[in-house]
Amino acid sequence: MNLSQLRYFVKLAHEKHYTKAAEQLCITQPSLSHAISTLEKELGVQLFEKKSRNTELTCCGRQFLTVAENTLNVLDNGIQMLSRVAKGEGLIRVGFLRTLGIEYIPDIISHYRAAHPSDNVEFTFEVDLSPQLLQDLLAHKLDVVFASKPAADTAFHCTAIEKQDLVLIVPKNHPLAGHSTIDMKDTADYPYIVFNKKSGLRLIVDTMLEKAGVTPRIAYEISEDEVIGGMVAKNFGIAVVPFMNLLLQLDVKILPISHPQYERKFYMITNKQIYLPPVVQHFCDFVIAHSKID
């Protein structure tokens, strides 16, 4: 049995006349007769019977018509769906760090929608730490992730799309609060509040301190930068955090880091081992074209 036979059967069932059905199918009447005969032999039942000048469905034919129509409807819907996908329509499942959800993600997606107003594109969003986002990307639960760069020997394709400034924050009554900028070596005597090891920032901060020759006295490990800011404001320690407007509302001194040099970038990450649907690839191309990083 093949799809042509099913389509021929459904057409004949509705037209009830071999000649008319064959004309609409753009085939010869003998070809239609042969296709129906072959289908009946394969199924082992008669599907049509002659009634006057017309051809009517048998009881088996009527039962099979429901099955054939449902099958063809499912197939045609699937073909239409894939056709839309091929044209750049569909669903994009996006995962990102909470930090990027404040401004970057809403901004880039609003720009994408404005640039493609006629495209039928839907988004879903997941917010988490980098390790979980990457795990979901590998598990095919996400299409694209915006997070810290994974290890170099992974199955991911990474493109830098955004830079982020890091600052040292200290309580306003802290001995370092009198500085206008900070060399990290001057922080060695003070307890630190640091990101926990699940955070992509932890490695960056650890590397900065190592370059400065500082072995930090870690007082607390916390996952959320807002919580770290609140703890610093209440004299629980000092911390290196991404600059965010929230810091301006807290009772902390914000110190730009003059040394050592550091690089904090965010990356658009996809799974290079799987096929990206056109809608996802179009979105990724748009993000790269509007990246602020050369």
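**Close-up 1. Pairing of strands β3 and β5 around F96.** F96 stands opposite F146 in β5. The two strands, β3 (residues 90-96) and β5 (residues 144-147), pair in the parallel sense over three bridges; a pair of strands requires at least two bridges found by DSSP. Helices (H or I, at least four residues) and strands (E, at least two) are DSSP runs, numbered from the N terminus. The model is predicted, with local features needing pLDDT of at least 70 and side-chain atom pairs pLDDT 80 or more, whereas totals for chains, interfaces and linings use all residues. Residues are numbered from 1 along each chain as its sequence is written, and side-chain values use heavy atoms, with hydrogens and water left out.

Close-up 2. Axes are lines fitted to C-alpha atoms, for helices over the stretch in contact, and angles run from 0 to 180 degrees between N-to-C directions. Contact means heavy atoms within 4.5 Å.

Close-up 3. The structure holds 11 aromatic pairs, where rings of Phe, Tyr and Trp (its six-membered ring) pair if their centres lie within 6.5 Å, with planes under 30 degrees apart counted as stacked, over 60 as edge-to-face and the rest as tilted. The ring centres of Y104 and F146 are 6.0 Å apart and the planes stand at 55 degrees, so this pair is tilted. Since Y104 belongs to helix α6 and F146 to strand β5, the pair ties together parts 42 residues apart in sequence. Both Y104 and F146 are buried (under 20% relative accessible area; exposed is over 50%, partly exposed in between; 1.4 Å probe, protein chains only). The rings of F123 and F125 form a stacked pair, with centres 6.1 Å apart and planes at 5 degrees. F123 is buried at a relative accessible area of 10%, whereas F125 is partly exposed at 47%. Ring pairs link F96, Y104, Y112, F123, F125, F146, F283 and F286 into a cluster.

**Close-up 4. Surroundings of H140.** H140 is found in the loop between α7 and β5 and is partly exposed, with a relative accessible area of 43%. Not counting residues up to four places away in sequence, H140 touches R93, N271 and I274.

**Close-up 5. Packing of helices α1 and α3.** Helix α1 (residues 3-15) packs against helix α3 (residues 29-43) at an angle of about 105 degrees, the axes being 10 Å apart. The two helices are therefore roughly perpendicular (65 to 115 degrees; under 35 is roughly parallel, over 145 roughly antiparallel and the rest oblique). Q5, Y8, F9 and L12 in α1 meet L32, A35, I36, T38, L39 and E42 in α3.
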